[in-house]
Amino acid sequence: MARKILIIDDEEDIREVAALSLESVSGWEVVTASSGAQGLARAMEHKPDAILLDVMMPGMDGPTTFRELRKNPATARIPVLLLTAKVQSTDQRRFADLGVEAVLFKPFDPLTLSAQIAGILGWS
Amino acid sequence: MDSNPISKPEISAAIDKLWTKFLPEIRERVAVLEAAAAGFEANTLTITQQEEASSAAHKLAGTLGTFGLTRGTVLARELELMYAEDSGPDAAMGAKLTSITAELKGIVEERK
């Protein structure tokens, strides 16, 4: 059965490359959202197997979106992987302390992104 | 993995198409950096311009490597850090800002 991934990122180019990568390399179903608020609604609607969540977004940022996902019993157990272009160690520690499954870094390799996610989540 | 419906060359070709699609947006971000570097050299850089430059550099840092331009990501990160300083780039950094931005532009324009 194909996995379903929700990508929440305000940058259209990143959404499209990540979607292409996950759909083409692994045949996963991809749902996208361009904001934290839209992501919360899509998570409720689609019940994805995992969420790839950008950190820096206007309005509701990634950490706030993550906390909202955790507050809602319908989405609280969905694994969340943060996606960030921040490379400073203080940022990395702060993100890891949120309780997400993992922190992935931009830029990512479109050819290996799905393998990276599958490895983290223990998907065979 | 569930399946492998598309070959590696096909994925690369699809990524190339996305590059073409998003190149105007990427060029706009580079233009923001060029304007900021020029503003800094002319001592007219505003706080808003500085923030826009930091944001544009951040986005380029995340995007360029995904399209295979790893050097572009390195340069964009360097610019992001320079513009992210509360006090703005160091006064001695004007020429460096301009040269890094020019190299970044060249990398973007050279990608096929």
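**Helix contacts, chain A**

I first looked up the pair α2(A) and α3(A): Gly36(A), Gly39(A), Leu40(A) and Ala43(A) in α2(A) are in contact with Thr64(A), Thr65(A), Glu68(A) and Leu69(A) in α3(A). Contact here requires C-beta atoms, placed from the backbone, within 7 Å. Helices (H or I, at least four residues) and strands (E, at least two) are DSSP runs, numbered from the N terminus. By class, the residues of this contact are 3 nonpolar, 4 polar and 1 charged. Ala, Val, Leu, Ile, Met, Phe, Trp, Tyr, Cys and Pro count as nonpolar, Asp, Glu, Lys and Arg as charged, and the others, Gly among them, as polar.

I noted that the model is predicted: local features need pLDDT of at least 70 and side-chain atom pairs count only at pLDDT 80 or more, while totals for chains, interfaces and linings use all residues. Residues are numbered from 1 along each chain as its sequence is written, and chains are lettered from A and ligands numbered from 1 in the order in which they are written.

I then read the geometry: α2 (residues 36-46) and α3 (residues 62-71) of chain A pack at about 25°, with axes 10 Å apart. Axes are lines fitted to C-alpha atoms, for helices over the stretch in contact, and angles run from 0 to 180 degrees between N-to-C directions. The angle therefore makes α2(A) roughly parallel to α3(A) (under 35 degrees; over 145 is roughly antiparallel).

**Between the chains**

I checked α1 (residues 12-26) of chain A against α1 (residues 8-41) of chain B and found an angle of about 170° and axes 10 Å apart. This makes α1(A) roughly antiparallel to α1(B). Among the residues that meet are Leu20(A) in α1(A) and Leu18(B) in α1(B).

The contact takes 23 residues from chain A and 23 residues from chain B. On the chain A side, α1 and α5 (113-121) are the elements giving two or more residues, and α1(A) has the largest share, 8 residues.

**Cores**

Which residues touch the most other members of the largest nonpolar core? I listed Ile5(A), Ile7(A), Ala18(A), Leu22(A), Ile51(A) and Leu53(A), out of 30 residues. Such a core is a set of buried Ala, Val, Leu, Ile, Met, Phe, Trp, Tyr and Cys residues joined through C-beta atoms within 7 Å; buried means 20 or more other C-beta atoms within 10 Å of a residue's own. α1(A) gives the most to this core, 6 residues. A second, separate core of 28 residues includes Ala36(B), Phe40(B), Leu60(B) and Leu79(B).

Note on methods: Angles under 35 degrees count as roughly parallel, over 145 as roughly antiparallel, 65 to 115 as roughly perpendicular and the rest as oblique. Two residues are in contact if their C-beta atoms, placed from the backbone, lie within 7 Å. A residue is buried if 20 or more other C-beta atoms lie within 10 Å of its own, exposed if 12 or fewer, and partly exposed in between; C-beta atoms are placed from the backbone.
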